[in-house]
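Hi everyone, thanks for making time.

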Amino acid sequence: MRAPMVERARGTRDLDPAYLARHGHMEAAFRRTAAAFGFREVLPPTFEPLELFHRKAGPGIEQEMYVFKDRAGRDLVLRPELTAGVLRYYVNELTSAPKPIKVYSFGPTFRYEEPQRGRYREFWQYSCEVLGGSPVDADAEAIALAVKSIQATGVRQVTTRIGHIGMLRAWLKVDRERQNRILHALDKRNFEMLHAELDAAGLLDLEGTLRDLIGIQGGSEVLARASDVLGGVGGEGFDHLRRIAERLAAYGVRDFVFDMGVIRGLSYYTGMVFQIHSQNLGAEDQVGGGGSYALAELFGGDPIFSTGFAIGVDRIVLAAEAEGVAVPPPNLDAYVIPIGDAVRQKAFEITGNLRTTGLRIDVDLVGRGPSKNLDYANAMKARWAVLVGEKELANGNVALRNMETGEQREVPVAELASVLGMDKPHFQNGVEFH
Ligand code: AMP
């Protein structure tokens, strides 16, 4: 009797080589772009004190996280995102570092959510923060990095929506708690909840205005209209967005819309907010989002202008798949097949030499016959099979078989590396070329 199998934990995935090749391609594009923007990498721990997220989002947040006690009874949480840890790190250790501090982090994050396509309990985030910049410069820097990072993956079919929550806060003259609940309802487009919250605050007369406002989107021209809807309140916020648009144009980023419906109803957002949506992902279409926020003071630091974003790496992988973005596959360049025991040692020597060239090389580790080995090479999607036989070796050659066409020819062992490297496809910005 076999032992019963152990199922994967709900909401988690076993990631296969093809998926990880895509994931790795995204990671490389993100790191490359962050570095090009002068961001440096930091990485907070995978688990944090529960207190950190209580301070950030209140005790209710426990429902959405993996909370546990360690053996000494400490309350801990698997990080649901990277920003809080980075800000804790900043407040504890980096406050005297030269400003602005521009950092990015890349790693797995955990949320206790209802799993579905594009929504997992373990997923990867690429998260960037600018701490201590001036507001327009830093906000535009963050948006430009987010947009360019996604472009660098080869994903194109996305829409960047930029809004401003500060002017709504200025206009909603109620206490912060109530504001947060109203904004949360707006963010979720939960109009029943919105009605109830406004009713409780005695602000029902604002309901129509709020519903009008979140429908406003377009180019810079809609900012004046939105400002009118708010009766001129929040003018600074609209001016801020206009200046961000100018700066983004200088960076060559023009492909975005202003959208007053981008709310991001979390209490720590203070000003500009933005979201990036894929046009191909259905319900879970938000591939990234961010804005300016006030967290340092919640973690025991002095206020500092903070802005940033997080991109969901898994959703970028899905978006890339949907668009047919080409990434280097995890396939072998060549599989080396010894024909008979007498040449086995030599076949391993050839393998060892080829493995120093940067090509992906494998060799028969089972001792199979040539035809079984060709089946394996095929299954591994090797581009070439290198057949090492006594007869060819006597002339210093091996037989090289193109696994796609089946063509076979003799090649001197000394030239093998250059022949295998020659027609290797290259990939750039999601396009394959030879
Ligand atoms: P947030 O911190 O909620 O703004 O999330 C940042 C990004 O992470 C989102 O825009 C999504 O792309 C991604 N994301 C959030 N939650 C999940 C999840 N449960 N599974 C996969 N990706 C997620």
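I'll go through the sheets, the cores, the ligand site and then a few individual residues.

A word on conventions before we start. This is a predicted model, so please keep in mind that local features need pLDDT of at least 70 and side-chain atom pairs count only at pLDDT 80 or more, while totals for chains, interfaces and linings use all residues. Residues are numbered from 1 along each chain as its sequence is written, and side-chain values use heavy atoms, with hydrogens and water left out.

Helices (H or I, at least four residues) and strands (E, at least two) are DSSP runs, numbered from the N terminus, and two strands pair if DSSP finds at least two bridges between them. Nine strands make an open sheet with mixed pairing, in the order 1-5-6-12-11-10-7-9-8. At the edges are strand 1 (40–41) and strand 8 (217–218), each with a single partner strand, so one side of each has no neighbour in the sheet. Within the sheet, strand 7 (residues 158–164) and strand 10 (residues 269–278) run antiparallel and share seven bridges. For that, contact means heavy atoms within 4.5 Å, and angles run from 0 to 180 degrees between N-to-C directions, with axes as lines fitted to C-alpha atoms, for helices over the stretch in contact.

The other sheet I'd like to show you is an open one of three strands, order 2-4-3, paired antiparallel. Strand 2 (47–49) and strand 3 (67–69) are at its edges, and each has a single partner strand, so one side of each is left without a neighbour in the sheet. From one strand to the next, the twist averages 40°. Strand 2 is joined to strand 4 (residues 75–78) by three bridges, and P49 stands opposite L76 there. Helix 2 (residues 50–57) packs on this sheet, touching strands 2, 3 and 4, at about 70° to the direction of strand 2.

Now, what holds the inside? In soluble globular proteins, nonpolar side chains tend to be buried together. A nonpolar core here is a set of buried Ala, Val, Leu, Ile, Met, Phe, Trp, Tyr and Cys residues joined through side-chain atoms within 4.5 Å; buried means under 20% relative accessible area, exposed over 50%, and partly exposed in between, with a 1.4 Å probe and protein chains only. The largest nonpolar core has 98 residues, and those touching the most other members are Y90, Y126, I162, L248, F258, M260 and F309. Helix 4 gives the most to this core, 10 residues. A second, separate core has 18 residues, among them A334, L359, V386 and L416.

Which residues are closest to the ligand? Of the 14 that surround it, the closest are R111, E113, Y120, R264 and Q286, where near means a heavy atom within 4 Å. An oxygen atom of the ligand is 2.6 Å from an N or O atom in the side chain of R264. A ligand oxygen is also 2.7 Å from a polar backbone atom of Q286, and one is 3.3 Å from a polar backbone atom of G288.

E284 lies in the loop between strand 10 and strand 11. At 14% relative accessibility, E284 counts as buried. Its side chain makes a polar contact of 3.5 Å with that of Q116; a polar contact is a pair of N or O atoms within 3.5 Å, and within protein one must be able to donate a hydrogen and the other to accept it, with residues adjacent in sequence counting only if both atoms are side-chain atoms.

Finally, some backbone geometry. Most residues other than glycine have a negative phi, and most peptide bonds are trans. Here, the peptide bond from K99 to P100 is cis, with omega near -5°. R189 has a positive phi, near 55°, and at 36% relative accessibility it counts as partly exposed. K381 also has a phi near 55°, and K381 counts as exposed at 56% relative accessibility.

That's my tour, and I'm happy to take questions.
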